Every structure is written in C-alpha cells, then in structure tokens.
Amino acid sequence: MRLCRYDDDKLGLVDNGKVRDVSAALAVIPPARYPFPHGDQLIANLDAVKAAIAGLADDGARKALREVKLLSPVANPGKLVAAPVNYKAHVEEAAADVATFTANHILKIHEAGFFLKGTSSLIGVGQPIEIIHPARRTDHEIELAVIIGKPGRRIAAKDALSHVAGYAIGLDITIRGPEERSLRKSLDTYSVLGPWIVTADEVGDPAGLDLALDVDGQSRQRANTRDLIIDVPGLIEFASSYYTLHPGDVLYTGTPEGVGPIRPGERVTASITRVGDIQVDVVAG
Ligand code: MN
C-alpha cells in the first residue's frame, strides 16, 4: 500500500499514477489530549487506518499524481535519526576531498554513531528545497528512509524489520562546513521525504534496492542498499540501543558516493526500487 499526504492534509491511496482520497479512514485515529503521546499518530495507528481504508466505499474519484501537492507522508515525527557515511565508497570519496569534508565526516559509522535532524526541516516532494545560505555549498544526499511503526528500545537486529511501518525516499540536504551536522542538515526544507510511504509488506527485504539521483538530468548518485556498511536491521539495533524508537520516527540510512552541490533553478530527480520516484525543485530561500 502506498499512502501519501497531499494538498490540504488529505490522506491518499496511490495506485497507477493516481491518488484516491481516503481521508475518511483518519477517523479511526483516537483523539489525543495534551500532553500528546510520542510519535506520529497516523503511523502509530497505521494498521487500523489500513483496515478502515479497506472498508471505505469507493466512488471511483481519482486525481492524477501530477495534479496534487505531495507533503511529507509523516506529518509529526518525534525525531529524524540519520546515519553518517554508511557506504564504503562514500567514505573514500570524503577522505579524498579534505577541502570539503571535515575529519569528523570521515569517521566510520561505528565510531560516529547517529545524528539528529530537526523535525522542522521536513518537507514533502511537492515542496521546493530552499537554498537559504547561497554562499555556502549545499549538497544532495539520497538515502533510503525507514519509517518506524512499532515502538521499541534495545531491538535485536533479527526482530528489527517487524518494527518498520514502511519506506520512502529521503534526501538529507546538507551544507558542507565545520559546524555540527545537526545544524548543517536542519535548515528549513533540508529533509525531504516522499513521495509517499510504501508499507513494509510491499518492499520486503530492504537490502538490494537500487538508488539513483540526478540533477537536471545529469547522473550524480547510483548505488544499491546491499552496499550499506550497516544494513537496515543493524541500524535499528544500533539506534535503539541508545534511544527508544517511536512510531513515525524516520531513519535516514546514509548516502552513497556521488554527493554534489545543488543550486537555485535546478531540479533533483531520484528513485528507489519498489519505493517510487520523485522530482524536487531547488529555489532561492
Ligand atoms: Mn546523509
């Protein structure tokens, strides 16, 4: 099942290039009172929402995907957990360019651990990336994004995939420079998620997915998740050994080689096998 959030916060079921409005299924989410529970309440109640969608009457109305504005499929993540360099070829790329990448960047993921991106940086693919500091180098990073469905801490790798609600394409947009990653990667619009969430059952094993990213039609990043230094179950085990993962937390799994700058006026296109493809415009902020 491919679920999107679109236009004025509608819930959409995506099929064959079209979107069906299934917002009525959101009624099964229990009303929350302050203090609100941790996590995104759509993702926390995803099984009930999916059952409600199956029970909705279908009047046949659809909108073409190109006619809707796609928002982040997760509206209210508690945290955006991100893996630093997690592909061997990207470690080598960073180590070879000391002018752009700091020493901290070249640490292996086992040593560097994770960083967090501000949730206020999150956008969907129908919204542009805004270059707020045009004098700084801003790079694209395509990553498989994992959306946590079931809460847990100290999750064993062998159980990890049962905690996954689904997957999306993530762009971890980044200013290069000496500041902490949490600053350089948390500018407004610098965390892209979309085009929708593909439920975990449709993706199956997240190892072996092709990733591709182009800028204005020029090939930049080509990789496969089989080349992750720490794979998806391992990342969930690692992250949850430090903090509880809540429904709707998004795990950016790290980018492969081929990162490079983006500028206002350019268009980023990207795809991941069995997840989808996206187009995102870059504009002056
Ligand atoms: Mn990254």
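Glutamate 143 and aspartate 172 are both buried in this predicted model. Each of them donates to the manganese ion, as does Glu141.

**Manganese site**
- The manganese ion is coordinated by OE of Glu141, OE of Glu143 and OD of Asp172, at 2.0 to 2.2 Å.
- Along the sequence, the spacing of these donor residues reads E-x1-E-x28-D.
- Distant parts of the chain are linked by the pair glutamate 143 and aspartate 172, which are 29 residues apart.
- Glutamate 143 belongs to strand β11 (residues 142–148), and aspartate 172 to strand β12 (residues 164–172).

**Helix α2**
- Helix α2 covers residues 46–54, and its residues Leu46, Val49, Ala52 and Ile53 are buried.
- Viewed down the axis of α2, the buried residues fall within an arc of 120°, so they line one face of the helix.
- An α-helix has 3.6 residues a turn, so residues three or four places apart point the same way.
- Asp47, Ala51 and Ala54 are exposed, and they sit on the face of α2 turned away from its buried side.
- The packing partners of the buried α2 residues include the strands β1 (2–6), β2 (10–15) and β3 (18–21).
- Also packed against by these buried residues are α1 (41–44), β12 and β14.

**Leucine 187**
- Leucine 187 is found in the loop that runs between α6 (181–184) and β14 (191–199).
- Its relative accessible area is 13%, so leucine 187 counts as buried, the cut-off being under 20%.
- With neighbours within four places in sequence left aside, the contacts of leucine 187 are Ser121, Ile132, His133 and Ile175.
- Between the C-alpha atoms of leucine 187 and isoleucine 129 the separation is 9.8 Å, and the two residues are 58 residues apart along the chain.

**Largest pocket**
- The volume of the largest pocket is about 420 Å³.
- Its lining consists of 17 residues, and those nearest the centre are Leu65, Leu70, Val125, Ile278 and Gln279.
- Nine residues of the lining are nonpolar, three are polar and five are charged.
- Strands β14 and β20 (276–284) each contribute at least two residues to the lining of the largest pocket.
- The most is given by β20, with five residues of the lining.

How values were computed: Residues are numbered from 1 along each chain as its sequence is written. This is a predicted model: local features need pLDDT of at least 70, side-chain atom pairs count only at pLDDT 80 or more; totals for chains, interfaces and linings use all residues. Side-chain values use heavy atoms; hydrogens and water are left out. Helices (H or I, at least four residues) and strands (E, at least two) are DSSP runs, numbered from the N terminus. Buried means under 20% relative accessible area, exposed over 50%, partly exposed in between (1.4 Å probe, protein chains only). Contact means heavy atoms within 4.5 Å. On a 1 Å grid over the protein atoms alone, a cavity is a set of points where a 1.4 Å probe fits but cannot get out, and a pocket is an open set with protein on both sides within 12 Å along at least five of seven lines; lining residues have an atom within 4 Å of a point. Grid points are joined across faces, edges and corners, and a volume is the space filled by probe spheres set on the points. Ala, Val, Leu, Ile, Met, Phe, Trp, Tyr, Cys and Pro count as nonpolar, Asp, Glu, Lys and Arg as charged, and the others, Gly among them, as polar. Donors are N, O and S atoms within 2.8 Å of the metal (3.2 Å for Na, K and Ca); water is not among the atoms, so sites may look incomplete. The arc is that of the directions from the helix axis to the C-beta atoms.
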